[in-house]
Each structure stands twice: as C-alpha cells, then as structure tokens.
Amino acid sequence: MKNTNLVFTLFALGSLLISCSVEPETIIETITVTDTVTVTTTVPSPTPDTEIVGTGGITFIDGTQTWTNDRIWIMNGKVVVREGGVLNIEEGTIIKAQNGQGVEATALVIAAGATINAIGTINAPIIFTDIADDIDYADGIMSPNRKATDTGKWGGIIVLGKAIVGQDGGTDDIEGIAEGYNWTSYGGNDDTDSSGALSFISIRHSGTQLAGGDEIQGLTLGGVGSQTTIDNIEVVGSNDDGIEIFGGAAQITNVVILNQRDDALDVDQGFRGIISNAVIAMRSNSDNPFEIDGTEDSNGLIDGSFTIKDVTIYANTDPEAGKNFLGDWKSDATGLTRNIVYKDIEGLKIKGIDTDTYSGVATKASLNNLNFNDFYFISSSAKLTELFSNTDITDYSDWAEVATEQIAKTGADESVFSWTLWNALNN
C-alpha cells in the first residue's frame, strides 16, 4: 500500500506541473522602414544683363533669331538680316547701339526678302537707343540721363523691300551704307511685298554723320510694300530725317517725330503709299515737317501718288534763322497732302510747292498730280499771303485757311500716343 501511494503522488504532482505550464508570450514589434530618395536638380545659369550682337563690322543674321525682353541687347556695327532671315523682337525689349561714328556707325538693316517682327504694345513698347543711354527696364519710357534733343549717337533702322521705286532700272542701293551688295539693294515690282511688322517702337538719338555727308535716318524705308505692318512709330532726336521713304507703297499710321534736325517726313522716288495720323514737334533748328520729292526715273514712267493725311505740326516758337519751314513739295512731287494743322507758326512760311505738277485742291491722290486739301494754320496774326510768299501758287485759299483755334476733328488724333516719350514729356 505504501508504494502505491508514492507512485500516485508522483503522478499527480507531475500532472499538476504540466497543467500549470504557461504558453510563451508573442511580442509584435512594428518597424518603420524609410527609403532614402536622392533628387537631382539643375540650377539654371543666371540670365545675363546684356547680350551683344555684332563685333563692330558687319554681322549677318541668316536664320531666325529672337531678341528677348529679359536682357538689354547691344548692337555693335551693322547688323544685317539677309534675305530669308527673320529677326523677332519681343514686346518691351530695349536695344542699345554702340556709338561708332562715320563708316563704323551701328545700324540695323533688314534686307529685301528678309523679315523683322518687332511688335511692342501700348504698355510695353520696344526702345532703340544708344549705348550711353542709361535707360533700363525699371525706367519705363523715360531715360534717366538722355535728353530728347540728343542726336546723332548711332545710325538707325533700315528696312528694304521689293516694291516699285521711281528709279532708272527700278532698283537702287540705299544711301548711307556701302553699295553693291545684295543686302543694300531695294526695289522690284511687288507693291504688296511684306518685310514683316514694326509696331509700338521708339527710335532715339540716331542719324549719325557718315562718310561723304550721308546720314542714316531714324527709320529708313526703301521699296517697302503695303503688306508690311508699320504703325505706332516714334522717332526722337534724329540728327537727320525722322523717317525717309524711297519709293514703295508702305502703309504707315500713328507716327510721332520729335526734335529731328532735318526733315520729319522725307519722301523720294515716287512713293505710292499712305502716311496717316502723325504728330511732328520741331526743334529750333529743324528744317521741314515735309520734304516731298517726285520720281527719279529719267523716263518719267514710274510715278508716285502718295497720301499724307491727318497731321498736327508743332513748329518752334524760337526757330534759328533759315530753319523751321512748313513744308517743301519739289522735284515734280505727285500725291495728296490733306488735313494738316500747324501750330506755333508766327514768322514761318511754306518753303516751296512745285508748279510743274501742282493741280490744286483734291480729295484723293492721283498719278502725275500734286494736290492739297484742308490746311489749317493756327495763329492770331499770320496771313495766307505771307505763309505762301515763297511759292508761285495763287489759289491756296481754296484749300488753306488761318484760324485762331484748332477746329474739331482736324489734324492728328493725339489720344493714341499715350505710350510715347513725346506724351510723357508734355504731360
């Protein structure tokens, strides 16, 4: 009996130990794994403050080039867009020209068959000026150092085309530039030719003296066709003419010419286009608001029939002797000049009207005829007999009158020139 109890006791104790054993605890640990990502970035090079085009001689643009409004562009020498080339200029861009003189003068030349698309806006006009002009993008339309009377600091802009010109052979080389190159020749037989677009552009302090007594104007057009867009153009301080036109059929509207030394609008070689809505403000030693010549075709077969209309002219109240004439229509000029208002004219006169082609009053231009209509001289003392005393015209009262105040809806619509330096200086 004693042994049996011991066995039972050991068995019971074993069973108790087994029944009281504990299941092992399961521990759950959460581990967050973070991937390392390497990001490679490219830091752009800073935009330069200026970019130079040209090396002082002749630089050609044959493909497509764009001058942007994120820097100031500096032209050095003759920059020539050759036939087939395209120059785009963004709105608001500032272009400055190096101040080489004589044959080294800087100029922008758009050759016949090339294209310029220089399209500014009323709030962001394109400005061409000289290298010594401190104007920057923060200055708006006003230069911090240049005066509107500063002249002759660089050449200017020349646009050539393939329209008809009144010249023997129908073509010519543009004045003020080396002759005999394809890119200096203009003219042809396509009056609808297009050289692109010029819009909302201010051209300043141009017209430097070249070799042989030639100058480049603020804007020169040679054989430019009617499909070229030319509007909202300002020329300030040209040492020669504001705009000179050699033949062609360009349509030009909304023009301001301020402080030119020679003529504001100079027309040659049988121009058949239209200039409309212009303000001309003369300096004390300006010559004429208009100098109009006829064809230079010796056979008289290529004639012109220009129209110049809707113009207000501010002469100078203190002109130098022999300056500030009121217009010269000469060399068998043919075309129509109408709706012209003259102010500040005391003591001034029309310089000349060619009687060979003069045919009195008319309402539209016609070949072989020089016509006028609606001339208004604003003055309290001037007389028509004095104003026309340099001419042999006797029927001027058919189309001209003196008034003490400007008549409504005559002359230019000046409200469209809010974007110009001229407006900023006068308001």
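Mentor: Asp139 sits in the loop between strand S10 (126-130) and strand S11 (156-160), where strands are DSSP runs of E with at least two residues, numbered from the N terminus. This is a predicted model, in which local features need pLDDT of at least 70 and side-chain atom pairs count only at pLDDT 80 or more, while totals for chains, interfaces and linings use all residues. Residues are numbered from 1 along each chain as its sequence is written, and side-chain values use heavy atoms, with hydrogens and water left out.

Asp139 counts as partly exposed because its relative accessibility is 32% (buried means under 20% relative accessible area, exposed over 50%, partly exposed in between, with a 1.4 Å probe and protein chains only). Together with Asp49, Asp134 and Asp136, Asp139 forms a negative surface patch (residues with over 30% relative accessible area and no salt bridge, like charges being joined within 9 Å and nonpolar side chains within 5 Å).

Other charged side chains are paired, and the count comes to 10 salt bridges (a side-chain nitrogen of Lys or Arg within 4 Å of a carboxyl oxygen of Asp or Glu). In one of them, Asp62 meets Arg82 with the closest N and O atoms 2.8 Å apart. Asp62 belongs to the loop between strand S2 (58-61) and strand S3 (64-67), and Arg82 to the loop between strand S5 (78-81) and strand S6 (86-89), so this pair ties together parts 20 residues apart in sequence. Asp62 is partly exposed, at 42% relative accessible area, and Arg82 is partly exposed too, at 30%.

Lys162 and Glu83 form another salt bridge, their closest N and O atoms lying 2.9 Å apart. It links distant parts of the chain, with Lys162 in the loop between S11 and strand S12 (171-173) and Glu83 in the loop between S5 and S6, 79 residues apart. At 33% relative accessibility Lys162 is partly exposed, whereas Glu83 is exposed, with 54%.

In a further salt bridge, Asp293 and Lys330 bring their closest N and O atoms to 2.9 Å. Asp293 is in the loop between strand S21 (290-292) and strand S22 (306-314) and Lys330 in the loop between S23 and S24, so the pair joins parts 37 residues apart in sequence. Asp293 counts as buried at 11% relative accessibility, while Lys330 is partly exposed at 26%. Finally, salt bridges with shared partners join Glu51, Asp70 and Arg71 into one network.

Key:
Areas by Shrake-Rupley, 256 points an atom, 1.4 Å probe, with all protein chains shown as cover. Lys, Arg positive; Asp, Glu negative; His and termini not counted. Charge placed at Lys NZ, Arg CZ, Asp CG, Glu CD. Helix = DSSP H or I, 4+ residues; strand = E, 2+ residues; numbered from the N terminus.
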